[in-house]
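My entries follow the structure.

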Amino acid sequence: MSVKLNEERRDVFLNRSRMLLCPSILSSDLADLAGAVNGLGDAVDMVHCDVMDGHFVPNLTFGPPVIRALAAHTDKPLDVHLMVTNPDRLLDAYAGAGADILVVHWETLRHAQRTLSRIRELGCYAGLALNPATPVESAKWLLPDLDMILLMSVNPGFSGQAFIPQVMDKIKETRKLIDTSGYPIRLQVDGGVTSGNAAEVIRAGADMVVAGSAVFGQKFPKEAAEELGRTIRTARAKL
Ligand code: DX5
Ligand code: ZN
């Protein structure tokens, strides 16, 4: 199986002083994914693809053919968030379809370290997602195998839900865990991020934010993405 390894496309992920905005296509016009993504121009750093299986979460979305089709129409890195039961059996297919980051949920894993190693073997960055009530410590012994931790700030399944306030402290705790470890791990926050709370999310310690309705749910998605991008970079610059 051939796996795309496009270093230029991934530079954005490695430049850790840059705050990254990752619009979630779940909230976009699903009949025109490429148009929705390309309409954002350079206001988007990575494209967040919410894969749902109707089992782990009560919603069903994008299979590998959809990811492959989108990958052919954008040069932005694809951040593929697998909200699926038994992700192991799908890793090869999504990596082959063009995912740059593959994120698996801690709650779905039986042998987490094995799964994360496999993701890196496939040439992707390895991400671990934690549901709002899953302890930060779940990631502790997996840090050497991780490129990103995704903290859910809503219960996964749908866009347009409200940010769960106690996750703000969880972001701070996770930031401490990462900094103390010394591993170059990115911290992404996903769910209910808006122009009203994005700066606080960055101040708490995130360096990547996902935004669905705050971008695609707006009348002018590109302008909304530009504004959110400015907000998170300014918040970081003031730290
Ligand atoms: C929720 C998804 C999120 C969601 C974000 O299960 O993982 O990525 O699409 O949408 P908003 O930003 O509207 O909460
Ligand atoms: Zn997501």
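Which residues lie nearest the centre of the second largest pocket? I found R16, R175, G205, D207 and R236 there, among 14 lining residues. The model is predicted, so I noted that local features need pLDDT of at least 70 and side-chain atom pairs 80 or more, while totals for chains, interfaces and linings use all residues. Residues are numbered from 1 along each chain, and side-chain values use heavy atoms, without hydrogens and water.

A pocket here is an open set of points on a 1 Å grid over the protein atoms alone, where a 1.4 Å probe fits, with protein on both sides within 12 Å along at least five of seven lines; lining residues have an atom within 4 Å of a point.

I recorded about 180 Å³ for the second largest pocket. Its lining divides into 8 nonpolar, 1 polar (Gly counts as polar) and 5 charged residues. Helix α7 gives the most to this lining, with 3 residues.

I then turned to the largest pocket, with a volume of about 250 Å³. Of its 26 lining residues, S159, G160, G191, G192 and G212 are the closest to the centre. Strand β8 (208-211) is one of the elements that give two or more residues to this lining; strands are DSSP E runs of at least two residues, helices H or I runs of at least four.

Key:
Chains are lettered from A and ligands numbered from 1 in the order in which they are written. Grid points are joined across faces, edges and corners, and a volume is the space filled by probe spheres set on the points.
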